[in-house]
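Please work through the exercises below with the sequence and the coordinates at hand. Each task is followed by a solution in steps.

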Amino acid sequence: MTLAAVLCCAMTTPMLTSCAIEDNPAPVTDYKPFPYDSEIDNSVRPGDDFYRYALGQWFNSSDPAPSIFEQIVNEMPLIFNNMLNTSNDPVMVTLRSQVDQTLNDDSKNKALLSERLQMLEQVTTGDQLNAAFANLHSLGYSPLFRLIPFAIEGKLGINLITSGAMTREVTSFAARNDKESLDSAVTAYCSHLDALGFSQERIAQITENAIKIENIEMQAFEYALELARHPQPITVTRRASSGDEQKEDAVFKMMGATDQELKEQVLFTSSIGIDSLILDFADAAQSPSNVEAFRDYMIYNVLAQDLPFVPSINKQADRMNMLKSALQYNKYYKYRLLTESYGKDNICKQQCQDIMEQMRKNFIRRVDNLDWMSASTKVEARKKAEAMKFYIGYPDQWNDKLTPKIEGDVLLATVTQLRQNAVQTISSIRGRNADVLGWDLWASMAQFTTDNAFYLSTANSLVILPAWICKPRFNNDLSEAAVYAVTTTFGHEFCHGFDAGGAKYDENGYYRDWWAPVDQAAFQAKQQIMIDLYNQLEVYPGLMADGQKTLRENMADYGGQELALECYKQRLTNQGFKGAQYDEQIKKFFLSFAHLWKEERELDNEMLEYLYEVDTHSAAHNRVNGMMRLQDDWYRLYDVKPTDKLYLAPEDRVKIW
């Protein structure tokens with residue numbers, strides 16, 4: 001299946017002639033296709049389970065059609081593969097040529113890898129270990145630690161020291177706390193050392209030491225994963241609490257930090273666990289056994305990163321995997337290549353920008369009209385909403401300074417240059433203000449093909465990735481009800497700035513209490529109502545939802561649907577819809593919202609139970625049913641009665657924003 005081209009700016013009808021939302025004529029009939037009523041199960045009362053009502057035919061099918069999530073999972077790799085095969089970018093042309101040469105003869109790559117491993121094999125002292133560590137960083141490797149772009153106190157590109165965790169397999173195993181699989185992955189990598197002249201005795205020693213350090217490192221990496229799941233409040237420190245500042249700084253300098261950066265405290269560590277690992281490494285010079293352990297870990301680390309480019313050793317190193325592996329380190333450049341190859345016209349950037357600005361205006365107006373918030377807190381909320389930055393799809397202007405310079409004819413050397421360029425990209429955004437070329441950060445940390453959007457409180461910034469605003473999800477060939485249902489996710493991310501955690505940060509990304517005490521008490525009372533409402537729902541029969549754990553996401557869902565529905569109602573009014581035709585469009589919006597969260601994992605109770613343990617989002621059916629319970633229009637349009645399972649009395653339908 002290939003992803004159909006999106007003609008955002010050349011519609012066959014005049015309804016969206018310029019990807020904007022203002023300059024449209026006023027039809028009173030929706031002539032565009034609406035496929036989301038084909039799976040309705042009329043045997044289910046909407047008021048009992050709207051999710052099953054809207055999607056029942058899909059649930060009941062012996063061979064359910066793939067959801068949009070599944071379609072995108074299948075189609076985005078095809079977009080990536082097409083770019084790898086067809087891009088005329090000079091770097092890609094060079095990469096393809098060198099990959100083809102390597103598949104015929106990889107002796108130069110093998111020799112270069114062997115040279116790097118032998119350099120590490122000669123390490124016997126602490127000074128040599130430090131020199132090797134610094135050399136690997138200069139080559140773009142990240143043994144043990146890496147500098148990742150982060151945002152704190154209103155600035156982008158503060159470098160957060162975290163664990164290396166470079167191999168995809170190891171990272172995924174760490175996320176699941178699967179030590180056995182982690183050890184197995186390290187062992188599998190190290191087994192290839194025999195083809196590079198290492199004895200079996202030496203391989204066993206390297207494997208043992210690599211497993212030892214990798215498990216310590218992955219414990220530290222877990223904290224970084226936790227930050228991603230629960231980023232507020234963020235606690236980072238530049239100094240170790242043990243008073244070993246000089247030792248810490250020495251490691252930072254080996255990773256490329258300057259004296260001025262250390263003085264200005266641009267570099268941060270993210271947890272005591274990582275601090276401890278840094279100090280363990282700094283102390284390795286005092287113990288020969290520790291020198292050996294860290295040295296062997298670096299041998300494994302270099303091997304794991306370079307093995308994809310030596311097909312005579314790694315039998316899985318086919319052409320496409322080699323091309324993908326070459327670009328995986330340089331996310332900014334990969335993001336740029338995919339955007340330019342796929343075509344900016346296929347990404348509805350301007351249309352979504354217009355809708356986001358409309359949501360901002362509506363949110364501010366809603367704040368002004370709140371009856372539970374005092375004037376002083378409203379001022380602060382407006383300031384934050386007005387200051388929020390939107391990064392939608394791709395940058396208006398790419399930073400050519402971040403284009404990698406490729407020289408030479410050896411694939412592994414070219415990959416090294418791509419890694420080095422990525423490190424330089426990270427360095428170039430240290431300490432930069434959040435409103436200055438923020439895309440340098442976002443495109444360096446995100447993936448073009450990731451079907452997602454996100455908000456970061458510490459930068460007060462909202463990012464919508466391209467995959468979310470292309471077909472098949474964002475589809476202007478369908479009824480606008482379907483399009484506006486997708487924009488609930490825009491409002492969702494916006495409202496993360498005002499949920500139970502995001503509301504603790506101000507317009508500049510500072511962790512600051514801007515709430516009047518009486519308003520904070522009222523806000524917390526509304527949060528408790530939301531918690532109680534979701535505690536009434538089931539993940540699956542016998543397992544009740546956890547409203548506390550999912551509170552922030554539920555609050556964002558609520559705000560997102562409120563903002564999107566209001567924008568759609570304004571759109572319908574401007575087009576001249578009235579009465580029954582108007583109501584029919586609102587019903588389409590609710591059905592589209594249910595389809596937005598049609599997911600295959602809803603068919604698997606084991607997966608639902610796993611997600612209940614690890615995910616802060618509600619299960620998809622609860623995201624839909626929970627929101628419907630709060631919409632007055634839903635009760636009216638679907639004749640929801642007090643005897644229905646989802647019914648809430650009007651006074652119990654919490655209103656926040």
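The model is predicted, so local features need pLDDT of at least 70 and side-chain atom pairs count only at pLDDT 80 or more, while totals for chains, interfaces and linings use all residues. Residues are numbered from 1 along each chain as its sequence is written, and side-chain values use heavy atoms, with hydrogens and water left out.

**Exercise 1. Confidence**

State the mean pLDDT of the chain and the share of its residues that reach 70 or more.

*Solution.* Step 1: pLDDT is the predictor's confidence in each residue, from 0 to 100. Step 2: the chain has a mean pLDDT of 87, and 87% of its residues reach 70 or more. Step 3: residues 1-23 have a pLDDT below 50, and this stretch has 59 contacts in the model beyond near neighbours in sequence; a contact means heavy atoms within 4.5 Å. Step 4: over residues 165-176 pLDDT also stays under 50, and the model has 30 contacts beyond four places in sequence for them.

**Exercise 2. Salt bridges between helices**

Determine which parts of the chain are tied together by the pair Asp368 and Arg382.

*Solution.* Step 1: a salt bridge requires a side-chain nitrogen of Lys or Arg within 4 Å of a carboxyl oxygen of Asp or Glu, and the structure holds 37 of them. Step 2: in the salt bridge of Asp368 with Arg382, the closest N and O atoms are 2.5 Å apart. Step 3: because Asp368 lies in helix 15 (residues 349-368) and Arg382 in helix 16 (residues 375-387), the pair ties together parts that are 14 residues apart in sequence. Helices (H or I, at least four residues) and strands (E, at least two) are DSSP runs, numbered from the N terminus. Step 4: Asp368 is partly exposed at 36% relative accessible area, and Arg382 is partly exposed at 24%. The classes are buried under 20% relative accessible area, exposed over 50% and partly exposed in between, with a 1.4 Å probe and protein chains only.

Now treat Glu480 and Arg571: are they buried or exposed?

*Solution.* Step 1: the side chains of Glu480 and Arg571 form a salt bridge with an N to O distance of 2.8 Å. Step 2: Glu480 belongs to helix 19 (residues 480-486) and Arg571 to helix 22 (residues 551-575), so this pair ties together parts that are 91 residues apart in sequence. Step 3: both Glu480 and Arg571 are buried.

**Exercise 3. A salt-bridge network**

Which residues are linked with Glu507 in a network of salt bridges?

*Solution.* Step 1: Glu507 forms a salt bridge with Lys383, with 3.8 Å between the closest N and O atoms. Step 2: this pair links distant parts of the chain, 124 residues apart, with Glu507 in the loop between helix 20 (488-496) and helix 21 (517-535) and Lys383 in helix 16. Step 3: Glu507 is buried at 14% relative accessibility, whereas Lys383 is partly exposed at 33%. Step 4: the network links Glu380, Lys383, Asp506, Glu507 and Arg512.

**Exercise 4. The largest cavity**

Which element gives the largest share of the lining of the largest cavity?

*Solution.* Step 1: on a 1 Å grid over the protein atoms alone, a cavity is a set of points where a 1.4 Å probe fits but cannot get out, a pocket is an open set with protein on both sides within 12 Å along at least five of seven lines, and lining residues have an atom within 4 Å of a point. Grid points are joined across faces, edges and corners, and a volume is the space filled by probe spheres set on the points. Step 2: the largest cavity has a volume of about 60 Å³. Step 3: its lining consists of Tyr36, Ile68, Arg473, Ala482, Val486, Ser592, His595 and Leu596. Step 4: helix 19 and helix 23 (579-596) are the elements that give two or more residues to this lining, and helix 23 supplies the largest share, 3 residues.
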